[in-house]
Each structure stands twice: as C-alpha cells, then as structure tokens.
Amino acid sequence: MASAIDATGNPIPTSAVLTASSKHISTRCLQENVSFLKCKKKDANPEKCLDKGQEVTRCVLGLLKDLHQKCTKEMDAYVGCMYYHTNEFDLCRKEQQAFEKACPLE
C-alpha cells in the first residue's frame, strides 16, 4: 500500500484516510462543516461558499496531520485495513479500536 503521507509529511486525504478519520472529523471540524452547510443552503452558487469550504479543508487537513503525528502506527494500520477491505468498517474493528484508544475523540 502507498504511504498515507506525501513527501512533505502531510497526510493524503484518500477515501480510506477520510473514512478512518470520520469520527474525529465530525467532532473536531463540526463548526466549519455546519458553517459551510448553512452557506450552501442559503446560496446555491458554489462561488459564494468557497471560503467556508476552504475552512473545512484546512480543518480536516490539520486534523489528519495531528492524528498522523500522535498515533502514526495505529492510524496507518487502520487506514491500511480500510484500504485493503474497501472501507468496510466491520472488517477493521480491531484496528479501529487501537486507533481510537491511541487517539481518543476530543
């Protein structure tokens, strides 16, 4: 499997990385996501919410970097399992538990 980080040490937001981190994203980036969704609901023009979308992206990428630094081994194992099993949570519960123990939800 390819590394979950790029040459500069930043996490690559693949579907396996995002799916494995989804609980953390929903907790840590809640305000940014709510703000973006409210903007989208208020105005269907995609240009109107670009700044809100960038805030969500910045939050998620920052979170992924933090998670990868704090619990590299557990995150890599969980992401690797999710990648191998095409994002099937049920097949990666052991890795998920180890990841969530090493990097608990805030």
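A disulfide is a pair of cysteine sulfur atoms within 2.5 Å. The legends below describe a predicted model, in which local features need pLDDT of at least 70 and side-chain atom pairs count only at pLDDT 80 or more, while totals for chains, interfaces and linings use all residues. Residues are numbered from 1 along each chain as its sequence is written, and side-chain values use heavy atoms, with hydrogens and water left out.

**View A. Disulfides of the whole structure.** A search of the whole structure finds 4 disulfides. With the bonded cysteines of the protein chain numbered in sequence order, the pairing reads 1-4, 2-3, 5-8, 6-7.

**View B. The disulfide of C81 and C92.** The sulfur atoms of C81 and C92 are 2.1 Å apart. The angle about the S-S bond is -95°, and the link is left-handed. C81 belongs to helix α5 and C92 to the loop between α5 and α6, 11 residues apart, and the pair links distant parts of the chain. Helices (H or I, at least four residues) and strands (E, at least two) are DSSP runs, numbered from the N terminus. C81 counts as buried at 9% relative accessibility, and C92 is buried with a relative accessible area of 0%. Buried means under 20% relative accessible area, exposed over 50%, and partly exposed in between (1.4 Å probe, protein chains only).

**View C. The disulfide of C71 and C103.** C71 is joined to C103 with an S to S distance of 2.1 Å. This link of C71 and C103 is left-handed, with -110° about the S-S bond. Because C71 lies in the loop between α4 and α5 and C103 in the segment after α6, the pair ties together parts that are 32 residues apart in sequence. C71 and C103 are both buried.

**View D. The disulfide of C39 and C49.** A disulfide with an S to S distance of 2.0 Å joins C39 to C49. The link of C39 and C49 is left-handed, at -95° about the S-S bond. C39 sits in helix α3 (residues 30-42) and C49 in the loop between α3 and α4 (50-70), 10 residues apart. Both C39 and C49 are buried.

**View E. The aromatic pair of Y78 and F99.** The structure holds 1 aromatic pair. Y78 and F99 form this pair, which is tilted, at 5.6 Å centre to centre and 40° between the planes. Y78 is in helix α5 (residues 72-84) and F99 in helix α6 (residues 93-102), so the pair ties together parts that are 21 residues apart in sequence. Rings of Phe, Tyr and Trp (its six-membered ring) pair if their centres lie within 6.5 Å; planes under 30 degrees apart count as stacked, over 60 as edge-to-face and the rest as tilted. Y78 is buried, at a relative accessible area of 1%, and F99 is buried at 1%.
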